[in-house]
Amino acid sequence: MMPSDSTLSIGQRFGRLRETRFGAFVPVMLALIAIWIYFGIAEPAFLSPRNFYFLFMQSAVVGTLAVGITLVLLLGDIDLSAAATAGVCAAVLAVLIVMGVPGPLACLAAMATGIVLGSVQGWLVAYVGIPSFVVTLAGLLGFQGLMLKILGAQGAVNMRDPFVRSLTTVSLPPLLGWAVAILCIIVFAVIVLRRQSQRRQRGVEVDSALALWGQIGFFAGILLAVVMTLNSYKGVPLLVILLVGLTALLGWITTSTPFGRSLYAVGGNAESARRVGMNVNYIRIAAFGIVGLMAAIAGILGASRYASVSFNAFAGGPLLLEAIGAAVIGGTSLFGGRGSVWNAILGALVIGSLGNGLDLSGASAADKLMFSGAILLLAVAIDALSRAGSAQER
Amino acid sequence: MNSTAAVVEPQAPPAHLKVTGIGKSFGGVEALRGVDFEVARGEVMALVGDNGAGKSTLMKVLAGAIAADQGRFQMEGKPVSVSTPLDATSLGIQIVYQDLALCENLDVSANLSLGAEPLKPGWTFLPRFLRPIDEMEMEVKAKAAIDRLQVRTLRSVRAKVGGLSGGQRQAIAIARAVGAESSVVLLDEPTAALGVAQTRQVLDVVKRLRDTGHAVVYISHNLRDIFEVADRICVLRHGMNVATWRTADTTPDEIVVAMTRGLDEGPDDAI
């Protein structure tokens, strides 16, 4: 039996909180708010709509990668090659466009490249049995080389294709932004309320009314605040809608389909998954394939945002570590079986806010690196501690 | 030693699952040498023996995890063949391994439906593994399975398995095996790692299984548990049958002697 609520220590309460559906969500949200308050006081410009706009834009590429990486982390694997894969896909995109291929077609080719690169690595992990750390480390090195080869001697190609550029330059008109937000809130509320009434009908446990309306209010509040902030600068960027849409799709797949359930099952207990007849090898390959696809999308978004594809933007930079850091800060366990793609977005915002805030306050590159390291360490420590805590309760 | 007790009673219930002459070697080691074993519906058949007697091997043969070298399987009198876990499952034979194989990061209902999640109707334009799971149906089924076994201490089927006690986990592993339309349930040392209260809980679940008409095979080292739940006790030694007793007609001492020395007390039998 579990101890009754009144006898719980703060640590146990925290551990219990982590076990709930929003368990990992709330601490990251609080951390993000704390960071915003701190920088808001230290540097008032931080809280301006303009800065938030750029913060979202800056975090989008890292966020896309982090959402993908979350899937392999759920399996208990890791993908160190995601940023390099993004680089190869961006290079393919750039070269195709220079050759005169239309933008949308070049994007599809880049995405196919990503899926192939990811799946091949997944196959090596699943069937050849090489640890994912090693496979993707080899991928990291090899793909960086491949990217250089595709880009040619200069190591950079400019991106002028209007379609690709529009992905990160277009913003919705304010009214349309409001309309989308309100539509999302209505859909969310209908889904939540309908589920509740169905649960009541079928006589299964129902959530409390407070939790129900709290959920809806919380969702509506965040959404309206975001739209209001962005509208008072340039409007909601198309990029943000793309990223949220992709994350919603992957969030639905991971939590509500047999495939998603098998990701969690393999991460939690691979032997158990095997015994109930899941094909663990296929699941691995599919997960790595999806990471490849997300990396390709990140590559396209990166190319669009920087208006060029350069070796340094993907391979030489800290993109990979920021993406893994974002997933882990979001509460996705490196030990597998626990995490959520939504939290990866929050994690990306945490990392983005730190970088942005430290830039604004004129911190040196050295300070920024050390600060990011400390935050990452803190996040992994919380993961390890909450894991140890739940193990003791047995 | 009274060897007349060793004769299988004529009034034994008709066997649901019966195997005869099972033999299995691993390299040069003969793990099973012509073993006969049977279990009836509504009966708990204990399988005991010293370490290396062949209990676990026999259990794995019954579950299809190991293919026997020789021997015949009969289900309700009809010959059947069991050489893969899939064969066993399709005949309604389910095994609960000692390590349980539960996913601690998932909740009770997800564990019970793992690999066979109920899906919402419609959505046929999507491949099966991408259709939405019917969570409510899953919870209803989980609740029914838990209620059938009367696991009273479990508060919610939405609780994560990682936070449950050993007895509750064992009960969930058993419920998962039973939920899959099974008639034969094989339990491997279900109380080995449990305390007194937890053991009590699991034994109650085993009795519920018997009362609901399952054929239960129960491996254990703990004779006190066996004498509490088992209807018959089958003793193996050196990969061979010693005998099968009705629990009511025997004593723990007699079983211990049979496990360690067999029925003949001759000095040539000691190893």
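How many bridges join strand E1 (residues 17-26) of chain B to strand E4 (residues 70-75) of chain B, and do these strands run parallel or antiparallel? The points below take up this pairing after some remarks on the model.

1. Basis of the model. This is a predicted model, in which local features need pLDDT of at least 70 and side-chain atom pairs count only at pLDDT 80 or more, while totals for chains, interfaces and linings use all residues. Residues are numbered from 1 along each chain as its sequence is written, and chains are lettered from A and ligands numbered from 1 in the order in which they are written.

2. Confidence in chain A. The mean pLDDT (the predictor's confidence in each residue, from 0 to 100) is 86 for chain A, and 91% of the residues score at least 70. Where pLDDT is low, the predicted coordinates should not be read in detail.

3. Overall form of chain A. Chain A has 17 helices and two strands; helices (H or I, at least four residues) and strands (E, at least two) are DSSP runs, numbered from the N terminus. Its radius of gyration is 21 Å, close to the 21 Å that the globule rule gives for 394 residues, so chain A is as compact as a globular protein of that length. The radius is taken over C-alpha atoms, and the rule is 2.2 Å times the number of residues to the power 0.38.

4. Helices H10 and H11 of chain A. The axes of H10(A) (residues 238-256) and H11(A) (residues 258-268) come within 5 Å and cross at roughly 70°. Axes are lines fitted to C-alpha atoms, for helices over the stretch in contact, and angles run from 0 to 180 degrees between N-to-C directions. H10(A) is therefore roughly perpendicular to H11(A), a class that covers 65 to 115 degrees. H10(A) contributes Ile253(A), Thr254(A), Thr255(A) and Ser256(A) to the contact, and H11(A) contributes Phe259(A), Gly260(A) and Leu263(A).

5. Interface. In chain A, 29 residues are in contact with 26 residues of chain B. H11(A) gives the most to the side of chain A that touches chain B, with seven residues.

6. Five bridges join E1(B) to E4(B), and the two strands run antiparallel; strands pair if DSSP finds at least two bridges between them. Leu17(B) has Met75(B) as its bridge partner in E4(B). E4(B) also pairs with strand E5 (residues 78-80) of chain B, in the antiparallel sense over three bridges. In E5(B), Val80(B) is the bridge partner of Phe73(B). E4(B) and E5(B) form a hairpin with two residues between them, and Glu76(B) in the turn has a positive phi of about 50°.

7. Strands E7 (residues 184-188) and E8 (residues 215-219) of chain B run parallel and are joined by five bridges. Val216(B) in E8(B) is the bridge partner of Val185(B).

How values were computed
Angles under 35 degrees count as roughly parallel, over 145 as roughly antiparallel, 65 to 115 as roughly perpendicular and the rest as oblique. Two residues are in contact if their C-beta atoms, placed from the backbone, lie within 7 Å.
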